[in-house]
Amino acid sequence: MALGRRRTARGRTEVPSGTDAVAEAATGRIGSWALAGWLALVTVLIVLLDLFTGEDLRVIPLLVVVPALASVFCTLRQTVWVAVWITVVVVGSGLGGHGTFWDFVFGMGFTVLACALGVAACAARIRHATEMARLRSAAVALQRQILRPLPVVTDQVFAYGLYEPIEEDRFVGGDIYEVVESPYGTRVIIGDVQGKGLAAIGAGFAAIAAFREAAVRERTLTGVVEALEDAVVRHNVFSAQTGEAERFVTALVLGFDGKDRVQAVNCGHLPPRLLHEGRARAVPLRRISVPLGLAGLSRETRTAESFAFPPGATLLAVTDGVTEARDADRAFYPFDRRLADWAGHDPRELLDALRTDLERFTGGVRRDDVAALALRRAPASGDGEAARPVAGAVTD
């Protein structure tokens, strides 16, 4: 099992705990019995070949490459054991040979040096892997602070999610999401930070931190968005002072109050899709404002609008990593056409189908982070539908 993230049977991403990751770093990739079998086979073959070639061409010294190979796949203990075995075989062969004393001394010295270097390389590999495992554990802890695991359940909605950073060894990318239950209902954000890399992650963290505070404090959804705007602007001021590029954030902010309508403020983001009664359609949001961080370039104030969200419907919000995904021929992903085929899926099945289809369409080559939120109204008390989703999540 490779360090870092791994896939489950449902296709979701899991991250091993810090202790497991560090222990896994020092674990060999080949069992001791299998190693002993291969070592015996290689030794017999090399010895027989050496006997066949005679004194004119000594083949036994080739065994010194075995500890180097073991250092790549084995534990430190296994590599030491291999090095000792090879040294014994080469020394025994030298004692039974007909070369000069100095030939024997040179051969033994070369063998010991090669074996020692193999052991040292193994120790360095394990030390590096352990350090990387600790860094990955820290990244997991950072991810838990920036992007919470899904699903999230509130009194108003069930929120399921799909999150795939563009880089496999990165746990957090430029796409952001959050779900916060407040005295005014449930507030949801999904967004995409301009650019990639650590600078984009910093801007995303600034937006999420502001959202978590403002979603509980602000009475109106536009008040939440104004707080987000201020946070991104402050982050850009700090970035300019440190020599980094300023960033803007496209975002869709939603408000659920338990009724059959949803409030939305669209800051330059993709409109959500509503899946209901076997049909999928884009929600016609008409009041689209500039992205967060760019309000100073527009005279228009951000306003909220509402749309219907009937019971049993699924609201799907995605980032442009979905809609702008391309195949090998550079054709765009047919997002809305695919949704029409999945309109009857529940949120979990919908995200599983989206993930699998995107992977197949792009051939596993992603050019941008992918994030999606599938939202469904929580059933009222006494409804036949289950009040909580089963354990497990699409993202971790």
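Leu-274 stands opposite Arg-281 in strand 10, in a model that is predicted. Strand 9 (residues 273–276) and strand 10 pair in the antiparallel sense over four bridges; two strands pair if DSSP finds at least two bridges between them. Helices (H or I, at least four residues) and strands (E, at least two) are DSSP runs, numbered from the N terminus.

- Six strands make up an open, antiparallel sheet in the order 3-4-14-13-9-10.
- Strand 3 (152–153) and strand 10 (279–282) are at the edges with a single partner strand each, so one side of each has no neighbour in the sheet.
- Helix 10 (residues 347–362) packs on this sheet and touches strand 4 (157–164), strand 9, strand 13 (314–318) and strand 14 (370–377), where contact means heavy atoms within 4.5 Å.

**Confidence**
- The protein chain averages a pLDDT of 81, and 78% of the residues score at least 70; pLDDT is the predictor's confidence in each residue, from 0 to 100.
- Among the elements of the protein chain, strand 13 has the highest mean pLDDT (97) and strand 1 (residues 6–7) the lowest (41).
- Residues 1–18 stay under 50 in pLDDT, and the model has 49 contacts for them beyond four places in sequence.
- Residues 390–394 are also below 50.

**Helix 4**
- Val-84 has its place in helix 4 (residues 76–95).

**Reading notes**
- Residues are numbered from 1 along each chain as its sequence is written, and side-chain values use heavy atoms, leaving out hydrogens and water.
- Local features need pLDDT of at least 70 and side-chain atom pairs count only at pLDDT 80 or more, while totals for chains, interfaces and linings use all residues.

Notes
Axes are lines fitted to C-alpha atoms, for helices over the stretch in contact, and angles run from 0 to 180 degrees between N-to-C directions.
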